[in-house]
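Work through the exercises below with the sequence and the model at hand. Each task is followed by a solution in steps.

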Amino acid sequence: MGKKYFTLSFDDGLEQDKRVIRLMKQYGLKGTFNLNAGLFGARGEVKGIGTFSFQDCPEGVRHKWPFSYVQHNRIPKDEVLQVYEGMEIATHGFRHESLGAVSEDEMRASVDADKAALEGLFGAPIVGHAYAQGSTSPAVQAYLKERGYRYARAVFPSGGYEFPENPLNFRPSTSIILKDAMKLVERFKREEAQDRDLLLYLWAHSYEMDYEKGNASWAALERLFEAVAGRSDIVYCTNSEAFSHI
Ligand SMILES: [Zn+2]
């Protein structure tokens, strides 16, 4: 009999992660936070919803409807250890580099710097990565493998629960802010893990909940957490725990 695993993944190390973590703890959920060690404390704003439409905006510029900018402030280095206690930490590019688009030297330098800094800070080995902008390549995946990584997440949704054939370039089930997230949760609860393990893998940026629009809202996030939580047939785990057995 297979098992059903549920895990969460949040990118960029933002102030809004604190609110997400409070909710995760309230509902007994676990997950992984993907940090850029070269950008701790960096402040800014973004507009639009989701990875595909945001646009950086200089700090201090005021905006009006319809732009709906929200804060994109990263947690300072001296706070991260306390904020992320009990959660897994993974790399996300030292300064958010698109690893598949930069030179091989830059790619290696970005991975090495982020991994070394985060392992030093948190005192634990880093075995996971989330691709900034979803950018990857066979060379990136080979290097991550060489450096001891067990999994690396892309961006586009799979819409399913299969453990990936290539854990170093896998699609999440979906993004929390997409319409199908709640449907996938409800179907996952009914699904039976017969001869294989199943994985429901949801990701987002915590700042997206500040849009307070559709699924990108704090109330929708809590409804989703509540819907998936508290079941004896689901293993609530970090990304590396989910991938540790494959
Ligand atoms: Zn990012």
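**Exercise 1.** Which residues on the other side of helix 5 are exposed?

*Solution.* The model is predicted: local features need pLDDT of at least 70, side-chain atom pairs count only at pLDDT 80 or more, and totals for chains, interfaces and linings use all residues. Residues are numbered from 1 along each chain as its sequence is written, and side-chain values use heavy atoms, with hydrogens and water left out.

Step 1. Apply the terms: buried means under 20% relative accessible area, exposed over 50%, and partly exposed in between (1.4 Å probe, protein chains only). Helices (H or I, at least four residues) and strands (E, at least two) are DSSP runs, numbered from the N terminus.

Step 2. Lys183 and Arg190 are the exposed residues there.

Step 3. Turn to the buried residues of helix 5, which are Ala181, Leu184, Val185, Phe188 and Lys189. Down the helix axis they fall within an arc of 135° (taken from the directions from the axis to the C-beta atoms), so they line one face of helix 5.

**Exercise 2.** Which residues coordinate the zinc ion, and which parts of the chain do Asp12 and His96 tie together?

*Solution.* Step 1. Donors are N, O and S atoms within 2.8 Å of the metal (3.2 Å for Na, K and Ca); water is not among the atoms, so sites may look incomplete.

Step 1. The zinc ion is coordinated by Asp12 (OD), His92 (NE2) and His96 (NE2), at 2.0 to 2.2 Å.

Step 2. Asp12 lies in the loop between strand 1 (4-11) and helix 1 (17-26), and His96 in the loop between strand 6 (88-91) and helix 3 (104-122), so the pair ties together parts 84 residues apart in sequence.

Step 3. Asp12 counts as buried at 2% relative accessibility, and His96 counts as buried at 17%.
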